[in-house]
Amino acid sequence: MTQSTIISAANANRLYWLGRYEERVYTTLHLLRKCYDKMIDGEPADYASFWRRFDVDNTYASVEEFELGMLYDEHHPSSVLSAQLGALDNAMLLRNSITSETLSYLEMSVARLRRCKAERRMNITDLQPVTDWALAFFGSAEQRIENTMALDIIQAGRITEHIDMLLRFDYPVERVSFALDALQQRLERLPELADMAVAGQIRARLGGGIYNADVRNELLGLINGVVRV
């Protein structure tokens, strides 16, 4: 890879949100699949808990509406299709930086989601290719993006979103700390975009062990302020 080169503030923002949106696609489908399996096993209470975490404004009136909405509602920022479109929109403006091959995985994902939406497919297994292409996108980025700074920004966005999801779904402190280690490694190469003091506050908060709802909300606010783009 070539050495880092200067990236405009606008493109830094696009790269960061490209990473966040695509990680949101991947993690949301992963969590929805786990939730869908529980619904099949007859545990709707678990689904309701998932619903509340994503649909805080109570947008959807029924489980079926929630299933369709979380997959295909283009106007709900937490839906899979909305996040995938956000990733594609940013990537289109970064085509020269990320290469057409890397971009193609996002284009295929949008096409698949739109087709499943038209057919009202709610079985998460129908969207397995979208999950696979999300991983392929990040793999292609690692192989093909020559600007190391651009790649670090994408990965910083990806890990930030991953931590955000871990916190929202009450993953163990150890998992969050491990992800924070990975984020800090990336941010050490992006000193002009990183607020390491905020990262330190997160680390101190996690050091207290199990976190309650108030601490989780505080951590969510902090993690979304670590990268300044």
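View 1. W17 and Y21 both lie in helix α1 (residues 9–40), where they are four residues apart, about one turn of the helix; helices here are DSSP runs of H or I with at least four residues, numbered from the N terminus. The model is a predicted one, in which local features need pLDDT of at least 70 and side-chain atom pairs count only at pLDDT 80 or more, whereas totals for chains, interfaces and linings use all residues. Residues are numbered from 1 along each chain as its sequence is written, and side-chain values use heavy atoms, with hydrogens and water left out. The structure holds three aromatic pairs, a pair being rings of Phe, Tyr or Trp (its six-membered ring) with centres within 6.5 Å, and with planes under 30 degrees apart counted as stacked, over 60 as edge-to-face and the rest as tilted. The ring centres of Y16 and W17 are 5.4 Å apart and their planes stand at 85°, so this pair is edge-to-face. W17 and Y21 form a tilted pair, at 5.6 Å centre to centre and 45° between the planes.

View 2. Y16 counts as buried because its relative accessibility is 3%, where buried means under 20% relative accessible area, exposed over 50% and partly exposed in between (1.4 Å probe, protein chains only). W17 is partly exposed, with a relative accessible area of 25%, and Y21 is also partly exposed, at 22%.

**View 3. Packing of α7 against α8.** Helix α7 (128–144) and helix α8 (residues 148–168) pack at an angle of about 150° with their axes 10 Å apart, the axes being lines fitted to C-alpha atoms over the stretch in contact and the angles running from 0 to 180 degrees between N-to-C directions. That makes α7 roughly antiparallel to α8, a term for angles over 145 degrees. In α7, L135, F138, A141 and E142 meet L151, I154, Q155 and R158 of α8, with contact meaning heavy atoms within 4.5 Å. R158 lies over the face of F138, at 3.8 Å from the ring centre; for Arg, this requires CZ within 6 Å of the ring centre and within 35 degrees of the ring normal.

**View 4. Loop residues with positive phi.** Most residues other than glycine have a negative phi. T99, in the loop between α5 (95–98) and α6 (100–118), has a positive phi near 80°. R120, in the loop between α6 and α7, has a positive phi of about 55° although it is not a glycine.

Conventions:
Helices (H or I, at least four residues) and strands (E, at least two) are DSSP runs, numbered from the N terminus. Angles under 35 degrees count as roughly parallel, over 145 as roughly antiparallel, 65 to 115 as roughly perpendicular and the rest as oblique.
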